[in-house]
Amino acid sequence: MAKTTRDPSRQAADSKQDTTASADPASIHRPLLDVDAHVTGVLSGDRSVLAQTITLVESNASAHQKKAQAVLKQLLPHAGNALRVGITGVPGVGKSTFVDALGTMLTGQGHQVAVLAIDPSSSITGGSILGDKTRMERLACDPNAFIRPSPTGGALGGVAKKSRETLIVCEAAGFDVVFVETVGVGQSEITVRSMVDFFLLLMLPGAGDALQGIKRGVMELADALVVNKADGDNAHRAGVAKAELDRALPYLQPATRGWKTGAHTCSSLEETGIAEIWAVIRAFEEKTKKSQIFFERRKAQSLEWLHSMIDVHLRADFYENDAVRKRFSQIEHSVVAGDLPVTVAIERLFAAYRGR
Ligand SMILES: Nc1nc2c(ncn2[C@@H]2O[C@H](COP(=O)(O)OP(=O)(O)OP(=O)(O)O)[C@@H](O)[C@H]2O)c(=O)[nH]1
Ligand SMILES: [Mg+2]
């Protein structure tokens with residue numbers, strides 16, 4: 001269990017500045033939670049506290065971030081026990097339908113399933129197209145499942161930071177399988193790859209164009225290539241696409257040392273091939289745990305996270321620096337006008353940043 005030592009001075013400060021509740025409409029009539037209440041609530045699997053804790057973790061307000069860090073620090077020793085599975089693929093390939101089908105199968109077997117979404121567009125538009133609960137109808141009302149749409153706001157790095165922290169919170173709450181869904185349109189696949197154990201690329205059936213403009217690099221991130229919608233008129237085309245992938249796979253770099261990425265077909269709608277894909281995921285887990293590669297990857301991911309967070313913090317610190325901001329537009333102007341070489345501009349900006 002979590003330590004229950006209380007820090008009255010911090011609690012007082014927190015309650016004074018805390019506006020978490022107003023950010024979450026559902027919590028308007030809820031009392032504010034202190035750090036211990038967040039920790040014990042999450043550890044006991046209380047869904048309402050879980051949702052409030054994720055809201056706290058996602059908040060950008062500095063008072064919330066301080067409190068969130070205190071909560072996360074206590075939750076961390078209880079995290080890490082889930083199998084983390086990333087799902088990517090072009091818009092409409094059936095990611096949510098697939099997760100609904102597989103997730104429902106798993107809760108039926110006694111698993112606790114959490115679904116997180118990383119939506120690269122939310123960092124631009126502030127909207128959240130992924131993790132749409134209506135596309136996961138059964139999981140959305142399954143007591144053994146929890147769906148969290150993508151956090152909004154901030155650059156992809158910021159969204160990913162929040163998602164990683166949300167993952168820790170979900171694991172501490174006892175979820176033993178966590179799916180991370182992201183739309184396959186670029187950088188977000190790499191981000192998700194860096195936070196999951198197994199990465200699955202969903203593809204569309206289509207003879208002759210099995211590669212579907214999906215970059216080789218993305219295919220090389222995947223531990224399984226799955227042709228979805230293998231039903232009705234598409235069943236045959238899905239088989240052809242799989243055969244084509246089978247032929248292409250020997251020429252691709254495998255994503256995980258000691259694991260042969262395979263091609264598979266399934267229908268998320270008719271729920272065929274889903275159990276077989278889960279068997280592949282479990283075989284992967286068993287094999288990579290035995291060879292230690294599973295644990296080595298997790299360690300490498302923690303380090304990668306540390307370094308990417310240093311980047312995020314340094315960037316923010318630089319751009320928010322008063323001296324930098326004061327000089328920024330003038331220097332930008334001079335660079336654009338061709339009056340100032342970029343190298344000199346950098347020297348001046350960093351001199352300002354360092355207070356020289
Ligand atoms: N025939 C068939 N249709 C499917 C299958 N899986 C999904 N679909 C349909 O494809 C459409 C898109 O499915 P989603 O699960 O929302 O796809 P997605 O990849 O999550 O989409 P985004 O989140 O928008 O990127 C829906 O109309 C689904 O009903 C399948 O196995 N067979
Ligand atoms: Mg979706």
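User: Why does Asp 197 count as buried?

Analyst: Happy to start there! The relative accessibility of Asp 197 is 1%, and buried means under 20% relative accessible area (exposed is over 50%, partly exposed is in between, with a 1.4 Å probe and protein chains only). Asp 197 is therefore buried by this rule. Please keep in mind that this is a predicted model, in which local features need pLDDT of at least 70, side-chain atom pairs count only at pLDDT 80 or more, and totals for chains, interfaces and linings use all residues. Residues are numbered from 1 along each chain as its sequence is written, chains are lettered from A and ligands numbered from 1 in the order in which they are written, and side-chain values use heavy atoms, with hydrogens and water left out.

User: What makes the contact of Asp 197 with Arg 298 a salt bridge?

Analyst: The closest N and O atoms of Asp 197 and Arg 298 are 2.7 Å apart. The rule asks for a side-chain nitrogen of Lys or Arg within 4 Å of a carboxyl oxygen of Asp or Glu, so the pair passes.

User: Where do the two partners, Asp 197 and Arg 298, sit in the chain?

Analyst: Asp 197 is in the loop between α10 (187–193) and β5, while Arg 298 is in helix α14, and 101 residues separate these distant parts of the chain. Helices (H or I, at least four residues) and strands (E, at least two) are DSSP runs, numbered from the N terminus. With a relative accessible area of 14%, Arg 298 is buried too.

User: How many salt bridges are there by this rule?

Analyst: The count is 10. One of them joins Glu 271 and Arg 138, whose closest N and O atoms are 3.1 Å apart. Glu 271 lies in the loop between β7 (262–265) and α13 (274–290) and Arg 138 in helix α8 (residues 137–140), so this pair ties together parts that are 133 residues apart in sequence. Asp 100 joins Arg 138 and Glu 271 in a network of salt bridges.

User: Why is Glu 271 called partly exposed?

Analyst: Its relative accessibility is 40%, which falls in the in-between range. Arg 138, at 36%, is partly exposed as well.

User: Which residue meets Glu 285 in a salt bridge?

Analyst: That is Arg 282, at 3.1 Å from N to O. Both are in helix α13 and three residues apart, so about one helical turn separates them. Glu 285 is buried at 11%, whereas Arg 282 is partly exposed at 35%.

User: What does Glu 285 touch, leaving out residues up to four places away in sequence?

Analyst: Glu 285 touches Leu 83 and Phe 294, where contact means heavy atoms within 4.5 Å. The C-alpha atoms of Glu 285 and Asp 197 are separated by 8.1 Å, although the two are 88 residues apart along the chain.

User: Why is strand β1 described as largely enclosed?

Analyst: Seven of the seven residues of β1 (residues 83–89) are buried, so the rest of the structure largely encloses this strand. Both faces are covered: Leu 83, Val 85, Ile 87 and Gly 89 are buried on one side, and Arg 84, Gly 86 and Thr 88 on the other.

User: What makes β1 and β4 a strand pair?

Analyst: A pair needs at least two bridges found by DSSP, and β1 and β4 have seven, in the parallel sense. Arg 84 stands opposite Val 178 in β4. Strand β5 (residues 198–203) also pairs with β1, in the parallel sense over four bridges, with Gly 86 opposite Phe 199.

User: Why do Ser 96 and Glu 181 count as donors of the magnesium ion?

Analyst: Ser 96 (OG) and Glu 181 (OE) lie 2.1 to 2.4 Å from the magnesium ion (ligand 2). Ser 96 is in helix α6 (residues 95–108) and Glu 181 in strand β4 (residues 177–183), 85 residues apart. Donors are N, O and S atoms within 2.8 Å of the metal (3.2 Å for Na, K and Ca), so both qualify; water is not among the atoms, so sites may look incomplete. Ser 96 is buried at 8%, and so is Glu 181 at 2%.
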